[in-house]
Amino acid sequence: MTQPVIFLVGPMGAGKSTIGRLLSKELSIPFKDSDHEIEARSGADIPWIFDVEGEEGFRRRESAVIQQLVEAGPLVIATGGGAILLEENRRLMVGSGTVVYLETSVEQQLSRTARDRKRPLLQTADPRKTLTDLMGIREPLYQQIADITVSTENSNPRMVVQEIVDQLRATVLKKPD
Ligand SMILES: Nc1ncnc2c1ncn2[C@@H]1O[C@H](COP(=O)(O)OP(=O)(O)O)[C@@H](O)[C@H]1O
Ligand SMILES: O=C(O)C1=C[C@@H](OP(=O)(O)O)[C@@H](O)[C@H](O)C1
Ligand SMILES: [Mg+2]
């Protein structure tokens with residue numbers, strides 16, 4: 001497991017924050033959640049940032065945080081669902097570590113995020129349509145940069161972590177020295 005940074009990407013509710021924390025313990029690599037870092041560094045929560053600075057302002061903060069985290073060395077990083085939208089972020093992730101795509105269905109996303117008010121993009125009249133539209137735009141980007149893809153659809157977090165570890169081992173073993 002020689003890759004310096006492991007990035008978890010995927011849609012809201014895929015389990016990036018949950019799995020990232022567990023994976024970091026399993027691999028003994030420190031964990032950072034980009035959303036948490038954005039909030040800690042700005043002193044504001046994500047709904048406030050979207051409200052005041054718009055999604056564009058949030059994306060600027062997100063890029064800066066991911067860049068700084070990568071420079072901080074070996075980490076498991078849970079990104080936000082839209083972190084793959086900017087090409088500079090995709091390039092950075094591909095160039096500086098292993099990208100793990102956590103895949104799940106819109107139905108599962110809906111059930112996992114239904115009671116949560118902290119995701120501004122889901123505060124719409126029709127979250128199912130919002131998630132479906134977002135998936136249409138974003139899924140090709142997740143797939144494009146993924147080294148490893150793991151479904152979280154019918155697996156509990158422990159099973160997902162085990163699957164990631166197995167696939168990471170297989171990936172490292174496949175790589176020439
Ligand atoms: N594999 C899983 N099985 C069941 N519930 C999960 C799983 N992964 C995450 N969850 C739950 O789904 C919700 C959203 O997870 P979270 O880690 O915040 O997702 P993300 O960071 O991808 O948006 C949380 O309540 C979490 O406990
Ligand atoms: O999909 C998105 O654009 C977003 C996903 C959120 O993170 P999670 O994917 O961890 O929910 C958070 O970054 C913000 O609300 C925007
Ligand atoms: Mg998260």
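UniProt, in an unreviewed entry, lists Ser17 under "binding site". The structure described here is a predicted model.

Ser17 is part of helix α1, which covers residues 16-27. Is this residue buried, exposed or partly exposed? Ser17 has 17 C-beta neighbours inside 10 Å. A residue needs 20 or more to be buried and 12 or fewer to be exposed, so Ser17 counts as partly exposed. Apart from neighbours within four places in sequence, Ser17 is in contact with Asp33 and Ala78.

Now the sheet. Strands of a sheet pair through backbone hydrogen bonds, and the pairing is either parallel or antiparallel. In this model, five strands make up an open sheet with parallel pairing, in the order β2-β3-β1-β4-β5. Which strands stand at the edges? They are β2 and β5; each has a single partner strand, so one side of each is left without a neighbour in the sheet. From one strand to the next, the twist averages 20°.

Helix α4 packs on this sheet and touches β1 and β4. The direction of α4 makes about 115° with that of β4.

| Strand | Residues |
|---|---|
| β1 | residues 5-9 |
| β2 | residues 31-33 |
| β3 | residues 75-78 |
| β4 | residues 97-103 |
| β5 | residues 148-151 |

Note on methods:
Residues numbered from 1 in each chain as written. Chains lettered and ligands numbered in written order. Predicted model: local features only at pLDDT ≥ 70, side-chain atom pairs only at ≥ 80, totals over all residues. Pairing = 2+ DSSP bridges. Helix = DSSP H or I, 4+ residues; strand = E, 2+ residues; numbered from the N terminus. Axes fitted to C-alpha atoms, helices over the stretch in contact; angles between N-to-C directions. Contact = placed C-beta atoms within 7 Å. UniProt positions renumbered as here; feature names shortened; annotations may be inferred.
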